[in-house]
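Q: Please take a close look at the place where the two chains meet, and describe it with the cut-offs behind each term.

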Amino acid sequence: MAFETIGFYVLAALAIIASVGVIGQRNPIYSVMSLIGSFGALAGLYILLDSPFTAVTQIIVYAGAIMVLFLFVVMLLNVPREDAAEWDRSHPLNRPGARRFGAVLAVFLLLELGWAVWHASTREAVALNTVSAGGVSSVAAIGRSIFTDYSFQFEATSILILVAMVGAVVLARKEPQ
Amino acid sequence: MDVTLNHYLVLSAMLFAIGTAGVFLRRNVITLLLSIEIMLNAVNLTFVAAGRHFAAVDGQVIVFFVMTVAAAEAAVGLAIVIALFRHRESLNPEAFTSLKW
């Protein structure tokens with residue numbers, strides 16, 4: 001087996017296990033830690049896909065900045081653990097009618113999924129092209145594309161960030177008594 | 001057996017499904033936001049894999065923009081969570097059913 005194949009399966013398993021860990025925890029701090037692991041596995045997958053720029057951005061921006069923001073808020077609020085028994089009783093989806101409807105939908109969804117997987121496996125898989133160095137892996141090419149073809153979108157995101165920053169400050173501000 | 005585009009698309013679909021399940025199952029606003037991040041990352045993986053497949057940098061450029069939007073979304077979302085927690089002392093979405101109080 002090629003190195004790329006082994007790497008893909010290991011990293012894919014890590015990403016899925018860590019993502020299940022995110023939604024399987026009751027304590028939000030463990031969820032955030034698990035999500036950082038998932039982002040690390042995804043960064044490895046980006047490297048396998050010849051995209052080192054995206055991999056590094058993933059680590060710096062996602063695992064570094066956004067997750068620190070999440071951890072900061074979790075610790076600032078001293079978030080209580082989720083109470084399972086409380087919402088099991090009170091949840092509007094926890095009614096006999098809703099359960100039957102959900103079961104029927106789940107059966108349909110599983111049938112559809114099985115059909116799709118069977119259909120995909122009988123077809124010929126599309127192999128990933130092998131791209132020479134300087135193709136998609138070139139940071140210079142990405143930069144050129146951002147500042148020429150996507151320059152308007154780039155400026156628009158800068159305004160978006162500014163608006164988000166002002167909005168976050170206004171929303172989280174304590175109202176004067 | 002080589003890794004094909006299908007492998008990456010299936011992995012991305014699984015991650016997206018996990019994120020969706022998290023949004024429906026969890027009763028904690030912060031975990032809801034984390035589930036949305038999982039979904040955004042699943043989409044990013046699709047963009048990078050497709051960009052490599054078509055030998056174009058546009059996939060990575062769009063991932064760059066998605067990350068920017070995700071950062072903005074996380075900042076505003078967490079500010080809203082802080083404001084809500086200040087009013088209700090709870091992070092359960094069931095506590096936030098009224099628009100005005």
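A: Contact is taken here to mean heavy atoms within 4.5 Å. On that basis the contact draws 63 residues from chain B and 71 residues from chain A. The model is a predicted one, in which local features need pLDDT of at least 70, side-chain atom pairs count only at pLDDT 80 or more, and totals for chains, interfaces and linings use all residues. Side-chain values use heavy atoms, with hydrogens and water left out, residues are numbered from 1 along each chain as its sequence is written, and chains are lettered from A and ligands numbered from 1 in the order in which they are written.

Buried area is the accessible area (1.4 Å probe) that two parts lose on being put together, summed over both; between chain B and chain A it is about 6300 Å², with carbon and sulfur atoms giving 73%. On the side of chain B, the residues that lose the most area to chain A are B:R52, B:Q60 and B:M67, which together make up 13% of what that side buries.

One of these residues, B:R52, also takes part in a salt bridge, its side chain meeting that of A:D50 at 3.5 Å, N to O. The rule asks for a side-chain nitrogen of Lys or Arg within 4 Å of a carboxyl oxygen of Asp or Glu, and it finds one salt bridge over all chains. The pair crosses between chains, from helix α2 of chain B, which holds B:R52, to the loop between α2 and α3 (52-77) of chain A, which holds A:D50; helices here are DSSP runs (H or I, at least four residues), numbered from the N terminus. A:D50 follows α2(A) and has a positive phi, near 60°.

Across the interface of chain B and chain A there are also 10 residue pairs in polar contact, both residues being at pLDDT 80 or more (a pair of N or O atoms within 3.5 Å; within protein, one must be able to donate a hydrogen and the other to accept it, and residues adjacent in sequence count only if both atoms are side-chain atoms). The side of chain B that touches chain A takes at least two residues from each of α1 (5-25), α2 (29-53) and α3 (58-88), and α3(B) gives the most, with 23 residues.

As for confidence, the predictor gives the complex an ipTM of 0.89 and a pTM of 0.85.
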